Amino acid sequence: MTSRQRTADSNSLSPRRRTVVKAAAATAVLAAPLAAAIPARAAEAPAFLHGVASGDPLPDGILLWTRVTPTAEAVPGSGLGPDTEVAWTVAKDKAFTNVVAKGSVTATAASDHTVKADVRGLAPATDYWFRFSAGGTDSPAARTRTAPAADATVTNLRFGVVSCANWEAGYFSSYRHLAARGDLDAWLHLGDYIYEYGTGEYGTRDTVVRQHAPTHEILTLADYRIRHGKYKTDQDLKALHAVAPVVAIWDDHEFANDAWSGGAENHTEGAEGAWTARQAAAKQAYFEWMPVRPALAGTTYRRLRFGKLADLSLLDLRSFRSQQVAVGNGSVDDPDRTITGRAQLDWLKAGLKSSDTTWRLVGNSVMISPFAIGSLSADLLKPLAELLGLPKEGLALNTDQWDGYTDDRRELLAHLRSNAIRNTVFLTGDIHMAWANDVPVDAGTYPLSASAATEFVVTSVTSDNLDDLLKVPEGTVTALAAPVIQLANRHVHWVDTDRHGYGVLDITADRAQMDYYVLSDKTKANATSSWARSYRTRTGTQKVERTYSPV
């Protein structure tokens, strides 16, 4: 840990593949993918092969997670293995000499041998260490941190911010570099923690850096469990989970590309089973494998508070949304269409209005700022349209994002303006590019019209961005496209279309600042990280401005 002061009181390219081969693979025997999904040392069971994690920090508690492999055959998705008692211990020191809480939970095949412990009675704004034990074997020890007390005067908060990690496209070096910092109160994962595609089916610059398990597109509960299990064998991801609590929401690829309440672009009803069954399987596996505390069953929308400095409203923009508009299939302005669902939008509006914190953060999986393409050349427009999922007929907006649900956006932004709600910051992933935006009430007249909020969009951990799609040197597309994008979108202060990395959000009473970091090469396991740019919004301004050094 650093010695900084804490508190006063302590989309993706989307090839349509509907083949008999894929459908057959989905129903194939699980032996091969299961074998690929687990390291050879599973024979040493019981073992903790998938690391440990914590999440959703509260002032008095934290959610702890692990998976135990009780026997060699009890690999993810197998449905095999005996019930196993798993003990957990929380201490104030890494040596576990000052134990403050302990308990046990039973891991069963019904929950894929994942376990969670929702530990309460802890002190606010405090670092703790935790571990699990089963059959005489201890898990690795990990650090976590509780949130400040609700009424605490908090000097500073710092969050890592990530999105869009395609296993096959590269290594998760962003996670390693965030873990090495040692100064995070928590880290936010804004969606696409996993990807559903089969091997080679999704953008990798034509090179599969490392192969998925299972190798086919995931459709069943066993499939989703295997994929989650594979991800949690990644050493960089395990390292980040072991040093700070995660606050996660899902986007579409935890289910299938361009998911909505009744289906997905990457789902063929019938040939790939019923969407309701696939969606239920994806949700079950997600809640088994992620240290997420659902506020409502089957959804990730919830709110966390960090003292008087900030609260964080986390959105679920897949479970309740209407189907995306396509040409001849309705209007983006149709008031009967929704991205949030009525109940969630009302909950968000009420929470923003009643908030008494300095900052109102919104964990938002798809970009809320409006986006017009402008006069891009054809060679740039085509890959941009593929990445953003734009209709090929040329409609200049992304209908998978808030641009496709303008009535919800107008209602939300009008609510911010009419109630003089200040300091709302949307934190966004999804589109594999980095942006720093004002969120205008009327993009057509901006900057003459007001800005209701600000938005920081982080790029992908590995998923392809524009230079990957075009297979050109990094930076080539940004140099050409960014000026044109900004000319057509005057609320966009910065866009980087080409690089991979992560963000670090640092908050004080005076400003919220996003430091953007980029990787040297996503295909190299030892990729280095460097600071790229920083933007901040100062309290009361609802505007983004550049600042010339990271916090």
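Select helix H4 (residues 221–231) together with helix H6 (residues 275–289), whose crossing is right-handed, the near helix being turned clockwise from the far one by less than a right angle. The axes, which are lines fitted to C-alpha atoms over the stretch in contact, with angles running from 0 to 180 degrees between N-to-C directions, come within 8 Å and cross at roughly 35°. Helices here are DSSP runs of H or I with at least four residues and strands are E runs of at least two, numbered from the N terminus.

To see the contact (heavy atoms within 4.5 Å), show the side chains of Leu-221, Tyr-224, Arg-225, His-228 and Gly-229 on H4, and on H6 those including Arg-278, Ala-281, Ala-285 and Trp-289.

This is a predicted model, in which local features need pLDDT of at least 70 and side-chain atom pairs count only at pLDDT 80 or more, while totals for chains, interfaces and linings use all residues. Residues are numbered from 1 along each chain as its sequence is written, and side-chain values use heavy atoms, with hydrogens and water left out.

Among the residues of H11, Val-477, Thr-478, Ala-481, Ala-482 and Ile-485 are buried, meaning under 20% relative accessible area with a 1.4 Å probe and protein chains only.

Finally, go to Val-425 in strand E17 (residues 424–428), which counts as buried because its relative accessibility is 0%. Val-425 and Arg-360 lie 65 residues apart in sequence, yet 6.2 Å apart in space, C-alpha to C-alpha.

Terms used. Buried < 20%, exposed > 50% of the residue type's maximum accessible area, 1.4 Å probe, protein only.
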